[in-house]
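Subject: Structure handover

Hello,

Here is the structure you will be working with. Please open it next to this email and follow along.

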Amino acid sequence: LEGEGLFDVSTKRKLTQFPKRIAVITSDTGAAIKDILNITSKRYPACEIVMCPVLVQGDMAPSSMIAALNKIYKINGIDTIIIGRGGGSAEDLHCFNDEALARKIYESPFPVISAVGHETDFTICDFAADLRAPTPSAAAELAVPDCRQQQEMIEAFSRRMFSAISDKLATEKAVIEYKKSVLQRLSPQNYIDNLRVRCDR
């Protein structure tokens, strides 16, 4: 697979910064989906999660995940796919070393995050995906921005923008007042008025 370029770093795609829809391929009964839903709802509640329950252990797991990927590839508007499961033994995670599954992940039209097991676990799917996350929770954090940080950035930008505009307006107002005074001093009416005063004297 490496020789065929499936693990080539140059082909890896960047994640969408503000995803609208994320597909999650994992067991619907494990801790992984609970962690992903919990984190995404707190960090970026505007994102829709498309749940794709699959087998994540055993001989039937690879075909189950491949079938889910085939369905997701036909859905419009998917920004990111998270595929994985929580921790387990090497035997439990073995289904993520399946060659056909790795090829199907590589074919994805959308960026894929592989989140299998714990931080020390590595599978073939991790290398075929666009990004490896050490855990499902980490995958959720990588997939969505933190809306609180975004809000703080927007507020800071708003303050800087307001300050810059206020300074600019104050400067322009001073320039206008100066030009106004010059125009008044040099105006023909002002000259005539001065002549009238002199004549009266």
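In which segment does D8 lie? D8 sits in the segment before β1, and β1 covers residues 21-26. Keep in mind that this is a predicted model.

**Around D8**

D8 is partly exposed, with a relative accessible area of 36%. Its side chain makes a polar contact of 3.0 Å with the side chain of S10. Now look across to A67. D8 and A67 are 59 residues apart in sequence. In space, their C-alpha atoms are 25 Å apart.

**The sheet**

Next, find the strands. There are 5 of them in an open sheet, in the order β2-β1-β3-β4-β5. The pairing is parallel. β2 and β5 (131-132) are the edge strands, and each pairs on one side only.

Zoom in on β1 and β2. These two strands pair in the parallel sense over 6 bridges. I22 has I49 of β2 as its bridge partner. V24 has M51 of β2 as its bridge partner. β1 is mostly covered, with 5 of its 6 residues buried.

**The cores**

Which residues touch the most other members of the largest nonpolar core? They are I25, M65, I81, I83, F96, L101 and I105, out of 28 residues in that core. Several elements each supply at least two residues of this core: β1, β2 (48-53), α2 (61-72), β3 (80-85), α3 (99-106), β4 (112-116) and α4 (124-128). The largest share comes from α2, with 6 residues.

Click on I83 to see how these parts meet. Leave aside its neighbours within four places in sequence. I83 is then in contact with I25, M65, L69, F96, L101, I105, V112, I113, S114 and A115. There is also a second, separate core of 16 residues. Its members include I33, C47, A115 and A138.

**S114**

S114 is one of the contacts of I83. S114 lies in strand β4. Is S114 buried or exposed? Its relative accessibility is 0%, so S114 counts as buried. Again, leave aside neighbours within four places in sequence. The contacts of S114 are then I83, C125, D126, A129, L131, R132 and A133.

**The cysteines**

How many disulfides does the structure hold? The count is 0. Take C52 as a worked case. Its closest cysteine sulfur is in C47, 13 Å away. A disulfide needs two cysteine sulfur atoms within 2.5 Å, so the sulfur of C52 is too far from that of C47 for a bond. C95 is in no disulfide either. The nearest cysteine sulfur to C95 is that of C125, 7.9 Å away.

Both C52 and C95 can be checked for burial. C52 has 11% relative accessibility, so C52 counts as buried. C95 has 6% relative accessibility, so C95 counts as buried as well.

**Helix α6**

Last, turn to α6, which runs over residues 147-186. Helix α6 has 40 residues, and at 1.5 Å a residue α6 should span 58 Å. The C-alpha atoms at its ends are 57 Å apart, which agrees. Then look at the N-terminal end of α6, which D146 caps. A side-chain oxygen of D146 lies 3.0 Å from the backbone nitrogen of R148.

Best wishes

Notes:
Residues are numbered from 1 along each chain as its sequence is written. This is a predicted model: local features need pLDDT of at least 70, side-chain atom pairs count only at pLDDT 80 or more; totals for chains, interfaces and linings use all residues. Side-chain values use heavy atoms; hydrogens and water are left out. Helices (H or I, at least four residues) and strands (E, at least two) are DSSP runs, numbered from the N terminus. The expected span of a helix is 1.5 Å times one less than its number of residues. A polar contact is a pair of N or O atoms within 3.5 Å; within protein, one must be able to donate a hydrogen and the other to accept it, and residues adjacent in sequence count only if both atoms are side-chain atoms. Buried means under 20% relative accessible area, exposed over 50%, partly exposed in between (1.4 Å probe, protein chains only). A nonpolar core is a set of buried Ala, Val, Leu, Ile, Met, Phe, Trp, Tyr and Cys residues joined through side-chain atoms within 4.5 Å. Contact means heavy atoms within 4.5 Å. Two strands pair if DSSP finds at least two bridges between them.
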